[in-house]
Amino acid sequence: MDTQADAFQIATTVILPAICGHGLPHGYHSLSENVLELSGSCEETLAKAESACRNDRMRAAAAELRALAKTLEASGGAVRLDLSLAGEMEYYNGLVFQGYLQGLPRPLLKGGRYDLLMQKFTPGAGAIGFAVYLDELDRLSAPLPPVQKN
């Protein structure tokens, strides 16, 4: 079973029709479907995202992401974007991210913007944060089960 393909199938057959049935403006239905495919290399994904922009706010967000991607790529390592990622924490708003290391099946790092939560404590303040899952690092030094050695 391919989890990503299953999620895409559910999103396109159940979620999008429900959203569109509740007043999504004309022309945005295909945009919603395309967002689910915005994943891959930085350049490829940013190009798709920029072509999908429908207003100045969307273009500004894409430009901000492009600047951030340049900084990340300059620091070394491989950077991939997945704009279909949605945070599992309801307090995130805006950017949500995950960090992976080769050899680990799950993210080592998860985080995002949580301005709205922060503003409850300090009006006008912005915030971004992340968690590092050290137990995932333990997996790198743990011996593989016999089934996985082959």
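The following questions and answers concern a predicted model.

Student: Which strands are the edge strands of the open sheet?
Tutor: The sheet is built from 3 strands in the order 3-4-5, with antiparallel pairing. An edge strand here pairs on one side only. The edge strands are therefore strand 3 and strand 5 (128–132).

Student: How many residues apart in sequence are the parts that the aromatic pair ties together?
Tutor: The count comes to 1 aromatic pair. Tyrosine 92 and tyrosine 114 form this pair, which is tilted, at 6.5 Å centre to centre and 55° between the planes. Tyrosine 92 lies in the loop between strand 2 (80–82) and strand 3, and tyrosine 114 in the loop between strand 4 and helix 5 (115–121), so the parts tied together are apart in sequence by 22 residues.

Student: Is tyrosine 114 buried or partly exposed?
Tutor: Its relative accessible area is 23%. Buried would require under 20%, and exposed over 50%. Tyrosine 114 is therefore partly exposed.

Student: How many disulfides does a search of the whole structure find?
Tutor: Cysteine 42 is buried at 2% relative accessibility, and cysteine 53 is buried at 13%. A disulfide needs two cysteine sulfur atoms within 2.5 Å. Over the whole structure, the number of disulfides found is 0.

Key:
Residues are numbered from 1 along each chain as its sequence is written. This is a predicted model: local features need pLDDT of at least 70, side-chain atom pairs count only at pLDDT 80 or more; totals for chains, interfaces and linings use all residues. Side-chain values use heavy atoms; hydrogens and water are left out. Rings of Phe, Tyr and Trp (its six-membered ring) pair if their centres lie within 6.5 Å; planes under 30 degrees apart count as stacked, over 60 as edge-to-face and the rest as tilted. Helices (H or I, at least four residues) and strands (E, at least two) are DSSP runs, numbered from the N terminus. Buried means under 20% relative accessible area, exposed over 50%, partly exposed in between (1.4 Å probe, protein chains only). Two strands pair if DSSP finds at least two bridges between them.
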